Amino acid sequence: MALLFGIILVSCDPDQTLYNPDEVPLIDELQEQAEEEPEEEPEEEPEEENSGEPTGDLADTSGWSIAGFSSEEASGGEDTGLADAIIDGNIDTYWHSCYSGDCGDAEHPHTLTVDMGAIYGMGGLELVQRQSGSRQVNEFDVEVSLDNETFTPVGSFTLEDGNLEPQAIGFDVVSAQYFKIIINSTHDGDRFAALAEVNAYVSGNPQPSGTLVEDRSEWVIADVSSEQESGETTGLATAVLDGDVETYWHSCYSGECADSAYPHQITIDMGSEVNLSGLQFAQRQTLSRAVNEITIEISTDNETFIAVGEFMLEEIPDLQAIGFSATTARYVRVIMNSSYDTDRFAAMAEINAYIQN
Ligand SMILES: [Ca+2]
Ligand SMILES: [Ca+2]
């Protein structure tokens with residue numbers, strides 16, 4: 001607090017500058033000063049309260065990408081200066097608005113658009129200021145979109161000056177795949193801005209973009225941990241591909257495989273590579289042996305599998321979808337980690353996929 005109080009005192013005094021001559025400025029600050037016009041001291045404005053508490057939990061950002069930005073600093077003088085530094089999970093790397101080259105005159109508003117890869121129920125953001133305390137974001141707007149074309153405003157917010165901890169903002173839950181941060185001012189009153197990290201508060205399973213596969217006739221079961229060959233309708237893994245929610249795969253409970261237990265898994269061969277953006281599930285319609293926690297993995301060769309995320313299926317008979325960042329895949333493996341009844345058996349009526357063209 002003492003440091004913050006000191007900074008405010010200095011910035012209010014027109015006879016002093018923000019830069020302490022006893023300190024050696026950072027290289028990028030020297031570059032910024034060299035290119036900027038002298039500015040009047042910014043007026044002190046009362047801090048606005050953020051609108052409310054966020055709803056949901058912080059998202060898994062591993063499938064995220066940058067969908068757009070107004071400018072970024074690519075000179076290498078920043079660590080890294082590029083827009084994708086805000087989603088790399090490292091608070092010491094940051095995006096910086098451009099101050100060199102053709103874009104060197106970039107000024108507010110600065111924008112950053114993030115593609116979350118799937119459609120989330122989004123109820124807030126967590127943002128981290130640049131850790132040096134320079135170019136701290138002050139006022140910003142947030143807009144969201146399903147297609148990266150039509151954006152809807154969700155609110156105007158502020159970040160605290162000199163608070164290097166994650167700062168949360170909340171808004172009414174909205175469906176979004178993309179969110180845009182529009183930075184309107186920084187606390188130093190200058191035209192530059194920087195931001196170290198951003199994450200979103202989300203709730204529920206992400207929903208897929210793209211379209212549901214209509215024809216699964218070329219699909220086959222590539223592997224299954226166990227299946228029940230008698231006594232079920234039908235019990236075999238192929239039942240998840242027959243288009244009938246009344247037929248279902250059931251983990252083995254008789255014969256030599258009768259001790260099969262979690263984790264269970266089904267691996268589907270979709271016959272050719274697709275741009276896979278999600279899966280659709282139907283639990284066994286009686287909800288007996290309903291599956292709870294799952295891990296989804298994908299592969300192009302049925303040998304090397306990449307996890308796209310861990311999810312929880314709902315205990316409902318309705319069709320339910322899970323979306324993730326679209327990725328090329330021919331094989332998809334659903335690893336079932338637990339059941340709602342906590343017993344060792346599992347059942348599943350249908351598995352289908354969403355793909356993007
Ligand atoms: Ca970062
Ligand atoms: Ca079926």
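Predicted model: local features only at pLDDT ≥ 70, side-chain atom pairs only at ≥ 80, totals over all residues.
Buried residues account for 38% of the 357 residues in the protein, and, among contacts between residues at least 6 apart in sequence, 78% join residues at least 24 apart.

**The nonpolar core**

The largest nonpolar core has 79 residues, and the members that touch the most other members are Tyr120, Phe179, Leu195, Ala200, Val332 and Met348. Strand β5, which spans residues 110–128, supplies the largest share of this core, namely ten residues. Because domain 1 (2–204) and domain 2 (212–356) both give residues to the core, the core lies between them. Once neighbours within four places in sequence are left aside, Tyr120 is in contact with Ala59, Ala176, Ala200, Val202 and Pro206; one of these partners, Ala200, is itself listed among the core residues that touch the most other members.

**Backbone features in the loops**

Most residues other than glycine have a negative phi, and most peptide bonds are trans.

| Feature | Residues | Angle |
|---|---|---|
| cis peptide bond | His108 to Pro109 | omega near 0° |
| cis peptide bond | Tyr262 to Pro263 | omega about 0° |
| positive phi | Leu287 | phi near 70° |
| positive phi | Arg289 | phi near 60° |

Pro263, for its part, is placed in the loop between β14 (248–250) and β15 (264–282).

Leu287 belongs to the loop between β15 and β16 (293–299), and Arg289 is likewise found in the loop between β15 and β16. Are these two residues buried or partly exposed? Leu287 has 13 other C-beta atoms within 10 Å and is therefore partly exposed, since a residue counts as buried at 20 or more such atoms and as exposed at 12 or fewer. Arg289, by contrast, has 22 C-beta neighbours inside 10 Å, so Arg289 counts as buried.

How values were computed
Residues numbered from 1 in each chain as written. Chains lettered and ligands numbered in written order. Core = buried A, V, L, I, M, F, W, Y, C linked by C-beta atoms within 7 Å. Helix = DSSP H or I, 4+ residues; strand = E, 2+ residues; numbered from the N terminus. Domains from an automatic or database assignment. Contact = placed C-beta atoms within 7 Å.
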